Amino acid sequence: LGRPFGGGRLAAGRPGLSGRAARAPYNWRLLAPAQAAIENAPPLMTPAINKPLPEFEALATGGVKITPQTFQGQAVVLYFYPKDHTPGCTTEAMQFRDRYKDFVKAGALVFGVSRDNMASHEKFKANLELPFELIADTEEKLCHMFGVVKNKIMYGKKVKGIERSTFLIDATGVLRAEWRGIKVAGHVDEVLKAVKVLKKAA
């Protein structure tokens, strides 16, 4: 169904100073406890195959608040995509839309996730008549949690982009499968097949 999910890393940055503070000498006695707190901070919680999802909270279209407890009792397909209103993302959303009844019949809910704001999501959802909600991850919390933020080179510059990825969570909140860096063609059918297998195994 998927391949093992790699652990995330939390990179601690060095605090910067400006103005008069930048010219003043460091007070290492004061800075040392703060630096120690950064170095000893707990690692970023990331989902792992066959493990329960870490706690999170997100907002979706229709004023829906999403947490791991929101959909317990039903399987969930969480698909991350780069941007509303773009050709590939429109095609993917339409394919999930067209098979949505099959997902529901197999016992699964579908949620789309991108960094777009709620207004963009509401318009995208209305234009395509999507029967499922879209999560507005404007602060990239879910994107980083699931490890889908990737560096890309565009016009010679390094930019952060979203790797098209899908995650399948079972009715008890355990991550069962993942697909990363996927191509749109045939992907929805593959995910639906995995959902049906999951239902039979339950």
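This is a predicted model: local features need pLDDT of at least 70, side-chain atom pairs count only at pLDDT 80 or more; totals for chains, interfaces and linings use all residues.
How do the residues lining the second largest pocket divide into nonpolar, polar and charged?

The lining of the second largest pocket divides into 8 nonpolar residues, 1 polar residue and 4 charged residues. In total, 13 residues form that lining, and those lying nearest the centre of the pocket are Glu57, Ala58, Leu59, Ala136 and Asp137. The pocket holds about 240 Å³ of space. As for the elements around it, at least two lining residues come from each of strand β1 (58-60), strand β5 (133-136) and helix α6 (141-145). The greatest contribution is that of α6, with 3 residues.

I now move to helix α7, which runs over residues 187-201. Its 15 residues reach 21 Å from the first C-alpha to the last, close to the 21 Å expected at 1.5 Å a residue.

Which residues of α7 are buried? They are His187, Val188, Val191, Leu192, Ala194, Val195 and Leu198. Viewed down the helix axis, the buried residues of α7 fall within an arc of 160°, and they therefore line one face of the helix. On the other side of α7, Lys193, Lys200 and Ala201 are exposed.

What do the buried residues of α7 pack against? Among the helices, their partners are α3 (87-98) and α4 (100-105). Among the strands, they pack against β3 (75-80), β4 (108-114), β8 (165-169) and β9 (175-180).

Key
Residues are numbered from 1 along each chain as its sequence is written. Side-chain values use heavy atoms; hydrogens and water are left out. On a 1 Å grid over the protein atoms alone, a cavity is a set of points where a 1.4 Å probe fits but cannot get out, and a pocket is an open set with protein on both sides within 12 Å along at least five of seven lines; lining residues have an atom within 4 Å of a point. Grid points are joined across faces, edges and corners, and a volume is the space filled by probe spheres set on the points. Helices (H or I, at least four residues) and strands (E, at least two) are DSSP runs, numbered from the N terminus. Ala, Val, Leu, Ile, Met, Phe, Trp, Tyr, Cys and Pro count as nonpolar, Asp, Glu, Lys and Arg as charged, and the others, Gly among them, as polar. The expected span of a helix is 1.5 Å times one less than its number of residues. Buried means under 20% relative accessible area, exposed over 50%, partly exposed in between (1.4 Å probe, protein chains only). The arc is that of the directions from the helix axis to the C-beta atoms. Contact means heavy atoms within 4.5 Å.
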